[in-house]
Amino acid sequence: MTTLLVSQPNFADHVTPQGHPERADRIRAVEDALSKSRFDKLLRRDAISGDLMLAELVHDSRYLARLRDARPAEGIGQIDGDTFISANSLSAVTTGLGGALNALDAVLLGEVDNAFCAIRPPGHHAEIATPMGFCLINTVAIIAREAQRKYGAERVAIVDFDVHHGNGTQDIFKADPSVFYASTHQMPLYPGTGNPREKGVGNILNVPLDANTDGAAMRDAYLTRIIPALHDFSPDLLLISAGFDAHERDPLAQLNWQSSDFSWLTGKLMDVADRCCGNRIVSLLEGGYDLKGLAGGASHHVAMLMDGAVGRLED
């Protein structure tokens with residue numbers, strides 16, 4: 001397998017308040033973990049700026065104006081109780097989007113088999129009209145639409161294993177049968193969505209997990225529910241909202257996954273991609289707020305994307 005790692009040179013431009021869990025150190029932790037010799041074969045690229053107007057593929061026509069109005073001339077502005085925007089946040093958002101677009105191009109043009117994008121801020125909570133939950137734009141949703149617009153993908157699947165439900169991605173695609181969204185997440189937990197009764201037009205599959213459960217509950221959810229549904233949908237492209245906050249170390253939730261659980265899950269999703277869409281996977285970083293847990297989960301995820309095996313990695 002050939003795996004592309006897209007990183008974001010200006011990730012620290014998005015500044016959050018002291019003590020905020022979504023901080024620039026998250027990308028430093030991921031980059032440090034992926035600097036080990038185990039990852040020497042990664043194809044690495046720095047993201048360049050993308051076209052922020054592509055956000056209008058999934059957000060309403062006033063969305064970007066609202067972000068610009070909320071952005072302060074200096075310092076940090078507040079959008080809601082836990083979502084912040086600083087003077088240069090949109091610069092970071094634009095390169096994060098550009099990195100994801102570059103990854104999409106590389107995968108769909110056959111240059112690489114799959115890609116992981118180490119970008120921030122996360123995106124899966126951003127709804128059609130509302131930024132929220134640390135998220136300013138919904139990058140994975142934009143990539144799904146761009147795959148359809150630019151490359152003619154007929155069926156795009158998004159699998160979200162962040163510990164928090166991706167209410168924004170569900171909001172954007174709930175009426176669109178050409179995009180399948182599947183999520184495992186802790187419930188109850190922020191943002192309060194993700195009930196199994198939320199099915200969209202048959203294209204939404206939510207499998208909530210109880211607090212304090214471990215990787216065994218996750219494996220059952222994927223083997224019995226999500227993997228069969230993905231095979232039935234048979235996507236042209238598989239996108240992953242890769243949050244690592246289900247790790248047992250994470251301070252914002254109470255699931256007890258180990259780093260090795262992320263490698264198992266990645267391998268199962270690769271099996272789907274091999275069967276359905278020529279191995280085409282683009283994975284985007286979402287949550288993960290304990291730095292050691294984030295580094296462990298991300299390194300196991302990327303190692304599996306690279307060659308289907310983890311080998312010796314720190315947990």
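By a cavity I mean a set of grid points where a 1.4 Å probe fits but cannot get out, and the residues that line a cavity are those with an atom within 4 Å of such a point. With that in hand, let me take you through this structure, which, please keep in mind, is a predicted model.

Sorted by class, the lining of the largest cavity comes to seven nonpolar residues, two polar and one charged.

The second largest cavity has a volume of about 30 Å³, and around this one we find Ile119, Pro121, Pro122, Gly123, Thr139, Val140, Leu284, Leu285 and Glu286. Two or more residues of this second lining come from each of α4, residues 139–151, and β10, residues 281–285. Here the classes divide into six nonpolar, two polar and one charged.

Next, the aromatic residues. How many aromatic pairs does the count come to? The count comes to six, and I will pick out one of them, formed by Phe134 and Tyr289, which is edge-to-face, with 5.6 Å from centre to centre and 90° between the planes. This pair links distant parts of the chain, since Phe134 sits in the loop between β5 (114–118) and α4, while Tyr289 sits in the loop between β10 and α8 (291–307), and the two are 155 residues apart.

Most residues other than glycine have a negative phi, and most peptide bonds are trans. Phe134, although not a glycine, has a positive phi of about 75°.

As for the peptide bonds, a cis bond joins Met187 and Pro188, with omega about 0°, and Pro188 lies in the loop between β7 (179–186) and β8 (204–209). The bond from Tyr190 to Pro191 is also cis, with omega near 5°, and Pro191 is likewise placed in the loop between β7 and β8.

Finally, a pair of helices. Helix α6, residues 215–233, packs with helix α7, residues 259–276, at an angle of about 10°, and their axes are 11 Å apart. Why do we call α6 and α7 roughly parallel to each other? Angles under 35 degrees count as roughly parallel, and the angle here is about 10°, so α6 and α7 are roughly parallel to each other. On the α6 side the contact is made by Gly215, Met218, Arg219, Tyr222, Leu223, Ile227, Leu230 and His231, and on the α7 side by Ser260, Asp261, Trp264, Leu265, Lys268, Leu269, Val272, Arg275 and Cys276. Taken by class, this contact of α6 with α7 has 10 nonpolar, three polar and four charged residues.

Key:
Residues are numbered from 1 along each chain as its sequence is written. This is a predicted model: local features need pLDDT of at least 70, side-chain atom pairs count only at pLDDT 80 or more; totals for chains, interfaces and linings use all residues. Side-chain values use heavy atoms; hydrogens and water are left out. Axes are lines fitted to C-alpha atoms, for helices over the stretch in contact, and angles run from 0 to 180 degrees between N-to-C directions. Helices (H or I, at least four residues) and strands (E, at least two) are DSSP runs, numbered from the N terminus. Angles under 35 degrees count as roughly parallel, over 145 as roughly antiparallel, 65 to 115 as roughly perpendicular and the rest as oblique. Contact means heavy atoms within 4.5 Å. Ala, Val, Leu, Ile, Met, Phe, Trp, Tyr, Cys and Pro count as nonpolar, Asp, Glu, Lys and Arg as charged, and the others, Gly among them, as polar. On a 1 Å grid over the protein atoms alone, a cavity is a set of points where a 1.4 Å probe fits but cannot get out, and a pocket is an open set with protein on both sides within 12 Å along at least five of seven lines; lining residues have an atom within 4 Å of a point. Grid points are joined across faces, edges and corners, and a volume is the space filled by probe spheres set on the points. Rings of Phe, Tyr and Trp (its six-membered ring) pair if their centres lie within 6.5 Å; planes under 30 degrees apart count as stacked, over 60 as edge-to-face and the rest as tilted.
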